[in-house]
Amino acid sequence: MTRRSCAIYATGIVCAHLLIVGIALVVAQVFQTMIHSRLKKEITLTEKSQVFESWKNPPPPVYMEYYFFNVTNPEEFLAGGKASVKQIGPYTYREYRPRENVTFLENGTKVFAVNPKSFVFVPEKSAGNPEVDLIRTVNIPFVAVMNELNSYSFFLRTVVSMYMKGIGVELFMTRTVHEILWGFKDPVLTKVHSMKPEVDEYFGLMYKKNGTHEGEFVFHTGEENYLDYGKIDTKMSWWSSNQSNMINGTDGAVFHPLINRNELLYIFAADLCRSIHLAYVEDVEVKGIQAYRFAPPSDVLMSPKDNPTNEGFCVPAGDCLGTGVLKVSVCREGAPIVVSFPHFYQADPMYINAVDGLSPNKEEHETYLDLQPTTGVPIRACKRAQLNIILKRVQGFPATKFINETIFPIMFVNETATIDDNSAAQMRTLLLIVTLVSNFPVLIVGMGIILLLVFVVLFCRNRQKKVGSAPPLWTNRSIKPHGYIGVKSVWQDC
């Protein structure tokens, strides 16, 4: 056997082995299963895991953009007309949110932590100076006192109303953005504080929230089940059903790996005082990273008449609002506070039409998360929520005599975060390695196919050379002059 023949047969043998092994690995998904098992073990909230440090100190910068609704016609509204508002903002703050007091529980299957948040104003991303810009808005302390006195006697309400009018307190107030956000000494609350010291005399939408945390939480580390990675292991007691009081899902900072398009993701939304679910919307790309976009579907804040699972969020039971709004007075003591998506996005049109100046749209007002499906890491996030207050007539307070009951918008917040360039580069490298390892069997099959083609070409060429070098079966020497072919001569030539 010649060297050429040996090379051809060796090529064929290697080709057959590569194809058999490669196809077997592809069918069995050995490498993909190995990668998935590795991800499930590595992406956990344990001190040795690579994601633990980024969970403690999130690297992407988080920005809080505050938008306010400036009331342009308070007198007309008090006279029974429709309120008109103009959006002012954003006033942007950089948010820092490290996790502190991290303590592992139950053999490392759970972890305790608090998440204090601090805010630093970012002027280059803001529309103005919060310490100078004035906003005319609803006087929330006024409404809180009025709401608290609603169950008291008409006489007491009248006396309090006269007192507030005497000190110049009205249903609408004009304050700087900084005061509305971070607090000011309110004259009504100061009077209440003198009688009830437990009532703070300062008020602000973010008062005492700079440098403080929203509560103590216990998280699943994912050691027992990767699907529980980052989930909160705590319950609430505000709502009227056990199901509604459950905190389902994570805090939105982490999600389990290997996310698919068909699943619902749950997060605890502190602004809404409840858990909400997100559904897949579309594939997107962020800084060269493929991601799945998840967003709350319309049934999240749907009226219990259309979505009975929301009945437990009516407190007291049966006291429900319409689609797109949620009363959260139970977790925000005092004023009748209502939350929604900005500009009443996905809400009943009656709330949108009750106030002039609102224009809800998906691009500016939808909450969404862009998640890298293999690792479950949020690549980009926009969490948007609006704060509203219920204004209605209260006997004993003449200022409310003519107003129509309205869920009045105060402000909304747009909390945004996008993966930084350094983390994005690391993510792209990781995903490249995962792709190469996962597709290694396909590469083996590809090499087998290439060698198969080489084998076929070599075999055909070798066959042609053998045919071309073989002697002819007969020659002209065996042909007689008269056309007689000698049998003996032919056999001799053969």
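**Salt bridges, disulfides, rings and a covered helix**

The side chains of E201 and K185 form a salt bridge, with an N to O distance of 3.8 Å; the term denotes a side-chain nitrogen of Lys or Arg within 4 Å of a carboxyl oxygen of Asp or Glu. E201 is in the loop between α8 and β9 and K185 is in strand β8 (residues 184-185), so the bridge ties together parts that are 16 residues apart in sequence. Helices (H or I, at least four residues) and strands (E, at least two) are DSSP runs, numbered from the N terminus. K185 is partly exposed, at a relative accessible area of 46%; buried stands for under 20% relative accessible area, exposed for over 50%, and partly exposed for what lies in between, with a 1.4 Å probe and protein chains only.

The model is predicted, and local features need pLDDT of at least 70, side-chain atom pairs count only at pLDDT 80 or more, and totals for chains, interfaces and linings use all residues. Residues are numbered from 1 along each chain as its sequence is written, and side-chain values use heavy atoms, with hydrogens and water left out.

Side chains of opposite charge can pair when their charged atoms come close. Over the whole structure, a search finds 18 salt bridges. One of them joins K117 and E95, at 3.9 Å from N to O. This pair links distant parts of the chain, 22 residues apart: K117 belongs to the loop between β4 (110-114) and β5 (118-121), and E95 to strand β2 (residues 83-96). K117 and E95 are both buried. They also take part in a network of salt bridges that links E95, R97, K117, E214, K383 and E415.

A further salt bridge brings the side chains of D233 and K110 to 2.7 Å, N to O. Because D233 lies in the loop between β10 (216-220) and α9 (242-245) while K110 lies in strand β4, this pair ties together parts that are 123 residues apart in sequence.

Apart from neighbours within four places in sequence, R293 is in contact (heavy atoms within 4.5 Å) with residues including Y280, E282, Y368, D370 and R380.

The discussion now turns to covalent links. The structure holds two disulfides, each being a pair of cysteine sulfur atoms within 2.5 Å. In the link between C273 and C331 the sulfur atoms are 1.9 Å apart, and the angle of 75° about the S-S bond makes it right-handed. The two cysteines connect distant parts of the chain, 58 residues apart, with C273 in the loop between β11 (265-269) and β12 (274-286) and C331 in the loop between β14 (325-327) and β15 (337-340). C273 counts as buried, at 4% relative accessibility.

C314 and C320 form a disulfide with sulfur atoms 2.0 Å apart. The torsion about its S-S bond is about 120°, so the disulfide of C314 and C320 is right-handed. C314 is buried, with a relative accessible area of 4%, but C320 counts as partly exposed at 32%. With bonded cysteines counted along the chain, the disulfides follow the pattern 1-4, 2-3.

A pair of aromatic rings is described by the distance of the centres and the angle of the planes. Rings of Phe, Tyr and Trp (its six-membered ring) pair if their centres lie within 6.5 Å; planes under 30 degrees apart count as stacked, over 60 as edge-to-face and the rest as tilted. The count by this rule is 20 aromatic pairs. In one of them, F68 and Y91, the ring centres are 6.3 Å apart and the planes are at 65°, so the pair is edge-to-face. F68 in strand β1 (residues 62-71) and Y91 in strand β2 are 23 residues apart. F68 counts as buried at 1% relative accessibility, and Y91 is buried with a relative accessible area of 1%. Y66, Y93, F119, F121 and W182 form one aromatic cluster.

Finally, helix α5 (residues 140-148) is mostly covered, with seven of its nine residues buried. The buried residues of α5 pack against several elements, among them β6 (134-138), α6 (154-166) and β18 (378-391).
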